[in-house]
Amino acid sequence: MGKFLGVLLWVGVSLVGAGALATIAFERREPLSAVWFVVASVATYLVAYRFYAAFLAARVLALDDDRPTPAERLDDGRDFVPTNRWILLGHHFAAIAGPGPLVGPTLAAQFGYLPGTLWIVVGAVLGGCVQDFVVLFCSLRRDGRSLGQMAREDLGRRGGAVALSAVLAIMVILLAVVALVVVNALKHSPWGTFTLAATIPIAMSMGLYLRFGRPGRVLEASALGVALVLFAVVAGQWVAQSPSWAAVFSFSGPVLALAIIAYGFAASSLPVWLLLAPRDYLSAFIKVGVICALAGGILLARPAVQMPPLTRFVDGSGPVFAGSVFPFLFVTIACGAISGFHALVCSGTTPKMLMREGDARLVGYGSMLMESFVGVMALVAACSLSPGVYFAINGPAGVVGDTAEAAAATITSWGYPVRGETMTGLAQAVGEQTLLSRTGGAPSLAVGMAQIFSGTIGGERLLGFWYHFAIMFEALFILTLLDAGTRVGRFMVQELLGRVWRPLGRTGSLPSTLFASALIVGAWGYFLYQGVLDPLGGINSLWPLFGISNQLLAAVALVVATTVLLKMGRKRWVWVTLLPMVWLIAVTMTASYQKVFHSDPRIGFLAQARVLGEGIGSGTIPPDRLPAARAIIFNNRLDAAITAVFAALVLLLLLEALLEWRRILSGRQGMARQESPCPDAGCGETTG
Amino acid sequence: MPRRGLWGDHGVKRWLRLVRSVLREINGDAAYEAHARRARRRSVRPLSRGELYLERLRRRYAGASRCC
């Protein structure tokens with residue numbers, strides 16, 4: 001009877017999910033309620049977790065709860081700590097969910113709601129969750145080795161070198177692009193800038209409290225910090241309303257970029273307890289709180305999705321970023337569907353804390369499902385704006401025009417009516433001078449979130465507060481990522497420099513720390529500054545570059561995972577990693593090729609450099625714009641070279657893997673698994 | 001005799017205690033008690049609360065701990 005009810009329940013969940021997905025895909029009569037998106041995604045996640053994740057755990061990976069995990073065998077109370085699976089789920093989710101699943105889906109909303117929704121849900125269930133789960137498993141069976149170490153051991157030294165190079169390169173591009181999102185959200189915004197600036201002394205006070213006041217009492221310090229941050233959001237309005245203070249906190253894009261570069265250098269060099277760790281605690285609390293509030297807000301306010309299912313920009317002519325749905329949707333939404341960067345977190349701390357092998361399903365597969373849900377909510381928030389408003393906020397001035405009237409005329413001519421007064425009124429309602437051409441996704445998402453929140457609490461009166469709360473929330477954990485990423489990048493640079501001259505590799509040495517920090521900050525700072533000066537908004541070139549590198553890293557992780565499955569003798573099930581890997585290689589190679597060689601100057605880096613070069617040659621570019629034009633030409637060539645190098649590295653790794661797979665499948669090579677030996681006699685059976 | 005009712009040991013108070021203990025586990029506040037228990041079991045000197053806090057931070061931020 002119980003089994004029958006269970007079957008009935010899952011049939012019901014599947015039918016509800018299928019019905020909701022069909023409504024999203026085919027309903028055309030009136031604006032859809034956001035609740036359909038929540039129902040469709042949650043039902044799909046439940047079915048995927050119950051059946052596909054269970055299949056992966058039982059048949060493909062053969063998880064064995066009797067096999068002691070590294071946390072049990074090597075328990076030292078520091079690195080290896082057996083941890084309750086629900087606690088670990090919280091830790092792991094906080095580690096993988098950053099600004100990516102918010103920004104990517106918001107940018108991809110230019111194609112309409114349908115392509116993004118389908119990719120986020122299907123990509124996560126069949127790709128992202130599988131990658132995270134299998135990499136976590138591989139690392140678990142190897143005492144918590146990193147992706148780079150596994151690539152070196154299972155694919156040879158070249159594989160390891162490719163993985164390491166890809167990680168360093170992606171880090172530079174990632175940090176530049178997220179910093180650009182912050183700059184575009186805060187330029188000429190005294191309210192937002194004050195609020196974000198206030199988080200620095202708040203975090204440092206928390207750091208001092210945790211270090212010298214009440215060491216390690218994170219809950220107390222975080223509660224105090226969250227209260228102060230909320231007060232800073234309120235105080236930001238007073239700053240914006242005071243002409244003298246507003247002038248102090250109002251900066252142009254280039255000035256903000258320089259300030260963030262200086263901040264990144266300081267954060268990388270300062271002790272971790274002073275700024276990075278307390279900001280991380282603050283950000284984690286606010287992140288989880290806001291995500292829960294957004295889910296609750298969508299269910300309570302039930303906003304209507306105003307964006308059409310497909311816009312005219314599926315052909316590649318979009319103003320937010322150029323390029324057609326295939327391949328650019330799949331690199332624009334990386335985090336939320338599948339993100340290679342997760343493989344680094346899955347092969348770092350988490351596998352050293354799993355209490356039982358079976359917990360890997362909840363932690364690896366489950367937390368990626370949660371991130372995917374964050375992506376769906378971000379897409380819903382962006383699509384709940386009227387399309388005209390969305391394009392006015394996200395379209396660069398170089399495309400839509402630099403006044404409200406010009407932008408309104410351009411966007412209305414595309415078939416998405418908007419009036420100049422609407423944009424002026426909206427900017428006033430949220431306490432900003434303008435919302436036009438704030439590229440990067442953060443402001444449009446903040447407007448969408450503010451409308452959802454104010455629809456639940458406070459109404460129009462609190463729209464400004466909610467907008468700046470949302471901006472603070474996005475910028476806060478972008479800065480956390482900037483801090484943590486710059487520090488990891490610094491360690492990687494020091495490791496490389498240490499091979500050239502040993503003293504440069506000492507992480508405890510101040511000159512070495514300052515030198516390596518300057519190099520890594522200089523690298524991402526260069527791309528950030530060029531992005532700020534770019535007339536197309538910077539996001540147009542940097543976000544696809546980030547997406548391509550992130551997805552290439554995912555391809556690297558899936559190549560390693562496929563190799564491990566083959567070595568485990570799981571030939572029959574190898575498609576679970578092979579299919580997403582083939583898809584990602586097809587997507588990233590097409591995107592890389594188009595970004596380098598496409599004849600449309602808005603898509604192809606070399607085409608844009610050529611057009612500008614011809615402009616300089618023919619004298620059509622005014623003399624005062626010549627230095628900027630030459631800089632853009634150089635940057636386009638640099639971006640083209642970086643894209644080509646990324647793609648070549650991954651093709652090299654793939655070739656290496658194909659040779660290895662041939663050796664394994666032909667039986668010429670024994671299954672030289674790199675797993676840690678199983679200490680008990682019985683559990684070795686399950687390793688294949 | 002435990003207090004009954006909405007606020008009693010089986011009511012809101014119990015849930016608040018549970019929420020607090022989950023939060024302490026998630027943010028690492030509870031790590032020190034676990035460390036001290038482990039040290040006692042192994043008859044070694046436990047680190048001080050401040051030392052353990054710094055040690056945990058050093059390890060957490062040595063690798064990729066935050067994603068995009």
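How many helices and how many strands are there in chain B? Chain B has three helices and zero strands, where helices (H or I, at least four residues) and strands (E, at least two) are DSSP runs numbered from the N terminus. Along the sequence the pattern reads α-α-α. Of its 68 residues, 25% count as buried, that is, with 20 or more other C-beta atoms, placed from the backbone, within 10 Å of their own.

The model is predicted: local features need pLDDT of at least 70 and side-chain atom pairs count only at pLDDT 80 or more, while totals for chains, interfaces and linings use all residues. Residues are numbered from 1 along each chain as its sequence is written, and chains are lettered from A and ligands numbered from 1 in the order in which they are written.

Chain A brings 41 residues into contact with 29 residues of chain B; contact means C-beta atoms, placed from the backbone, within 7 Å. On the side of chain A that touches chain B, at least two residues each come from α4 (85-96), α10 (218-241), α13 (276-301), α15 (341-346) and α22 (463-500). The most come from α22(A), with seven residues. This side of chain A holds 22 nonpolar, 15 polar and four charged residues (nonpolar: Ala, Val, Leu, Ile, Met, Phe, Trp, Tyr, Cys and Pro; charged: Asp, Glu, Lys and Arg; polar: the others, Gly among them).

Within chain A, the axes of α17 (residues 387-394) and α19 (residues 404-413) come within 10 Å and cross at roughly 125°. Such axes are lines fitted to C-alpha atoms over the stretch in contact, with angles from 0 to 180 degrees between N-to-C directions. α17(A) and α19(A) are therefore oblique to each other, the class left after angles under 35 degrees (roughly parallel), over 145 (roughly antiparallel) and 65 to 115 (roughly perpendicular). In α17(A), G388(A), F391(A) and A392(A) meet A407(A), I411(A) and T412(A) of α19(A). That contact has four nonpolar, two polar and no charged residues.

Methods: Buried ≥ 20, exposed ≤ 12 C-beta atoms within 10 Å, placed from the backbone. Contact = placed C-beta atoms within 7 Å.
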